[in-house]
Amino acid sequence: MLAKFKAHWKKILIMLLVSILGGTGFGYYKWVTRVIPEELLPEAINKTINVDSYRYQVALKLNVNGQERLLSHVKGERSKGRFHIQGEVAAQEVDVYYVNNKVFMKDSVSGRWMINHGGEIFERDLFMIEVNPKESLGYLQLDNIVYLGIEKGHRSAYVMEYNPVVTNKMLTTYWEDFKYKVWIDKKSKRIIKLEINAHHKDNPENTFYMLLGMYDFGKRIKIEEPAN
């Protein structure tokens, strides 16, 4: 009888030990994988901005006097100073390559390529959103960071909202009260989706909206002069 009692308690002790170790392990896992928004957000922004090559889709919209207007909707790719964008800007179809300081613009009527030497205009802030949209992530300060949780899908992501002090001149020339929402890929810790909302400085009822999706970070992207 005593032997049975000891064997019974041995099983109980083993079960308790397993439970304690399991709980401790789970607690440690939660601690290691915890999300600290004030640390993760600037890390993700810096990792995204500093990448050499990436592909993207971006749409810019205005809401003026209650009417929505599409400013631009393009897809693009960049690699080590070269870029290619294709889509619609200011109600005009665009297909543009920038390679070795030469700009190749496709005429939407004839389908022929026009070539200009010197593409510095495309590196100015005025065109930065369509040409290099990740530059819209530049900031002086990050305020009111709110962690919204994890969104699961093809690429699970941490979701956050915040109010940055924006540095991009194209954005700050006319807009203020910026509210950003970002999706940070759990694996790469880079931003794969971005939404921006802002109000016009002189007419706050008019608003600006941007939607950006980014992918193929750091991939070898070949951008060559278009064939005639």
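## Hairpins, salt bridges and cores

Strands S2 and S3 form a hairpin with two residues between them, and Lys-80 in the turn has a positive phi of about 50°. Strands here (E, at least two residues), like helices (H or I, at least four), are DSSP runs numbered from the N terminus. This is a predicted model, in which local features need pLDDT of at least 70 and side-chain atom pairs count only at pLDDT 80 or more, while totals for chains, interfaces and linings use all residues. Residues are numbered from 1 along each chain as its sequence is written, and side-chain values use heavy atoms, with hydrogens and water left out.

**Exercise 1.** Work out how S2 is joined to the strands S1 and S3.

*Solution.* 
- Step 1: S1 (residues 53–64) pairs with S2 (residues 67–79) in the antiparallel sense, over twelve bridges. Two strands pair if DSSP finds at least two bridges between them.
- Step 2: Within this pairing, Tyr-56 stands opposite Gly-76 in S2.
- Step 3: S1 and S2 form a hairpin with two residues between them, and Asn-65 in the turn has a positive phi of about 55°.
- Step 4: S2 and S3 (residues 82–89) also run antiparallel, joined by eight bridges. Here Ser-79 stands opposite Arg-82 in S3.

**Exercise 2.** Find the partner of Arg-55 in a salt bridge, and say how accessible each side chain's residue is.

*Solution.* 
- Step 1: Nine salt bridges are present in the structure; each is a side-chain nitrogen of Lys or Arg within 4 Å of a carboxyl oxygen of Asp or Glu.
- Step 2: The partner of Arg-55 is Glu-77, at 2.9 Å from N to O. Because Arg-55 lies in S1 and Glu-77 in S2, the pair ties together parts 22 residues apart in sequence.
- Step 3: Glu-77, at 16%, counts as buried, whereas Arg-55, at 23%, counts as partly exposed.
- Step 4: Follow the network of salt bridges: Arg-55, Glu-77, Asp-216 and Lys-219 are linked in it.

**Exercise 3.** Which parts of the chain does the pair of Glu-224 and Arg-82 link?

*Solution.* 
- Step 1: The side chains of Glu-224 and Arg-82 meet in a salt bridge of 3.5 Å, N to O.
- Step 2: Glu-224 is in the segment after strand S11 (207–215) and Arg-82 is in S3, so these are distant parts of the chain, 142 residues apart.
- Step 3: Both count as partly exposed: Glu-224 at 40% relative accessibility, Arg-82 at 24%.

**Exercise 4.** Describe the nonpolar cores and the surroundings of Met-210.

*Solution.* 
- Step 1: A nonpolar core is a set of buried Ala, Val, Leu, Ile, Met, Phe, Trp, Tyr and Cys residues joined through side-chain atoms within 4.5 Å.
- Step 2: The largest has 47 residues, and those with the most contacts inside it include Leu-41, Phe-208 and Met-210.
- Step 3: Contact means heavy atoms within 4.5 Å. Leaving aside neighbours within four places in sequence, Met-210 is in contact with residues including Val-58, Leu-60, Ile-129, Pro-133 and Ile-196.
- Step 4: Another core, of six residues, lies apart from the largest one; among its members are Tyr-97, Trp-113, Ile-221 and Ile-223.

Methods
Buried < 20%, exposed > 50% of the residue type's maximum accessible area, 1.4 Å probe, protein only.
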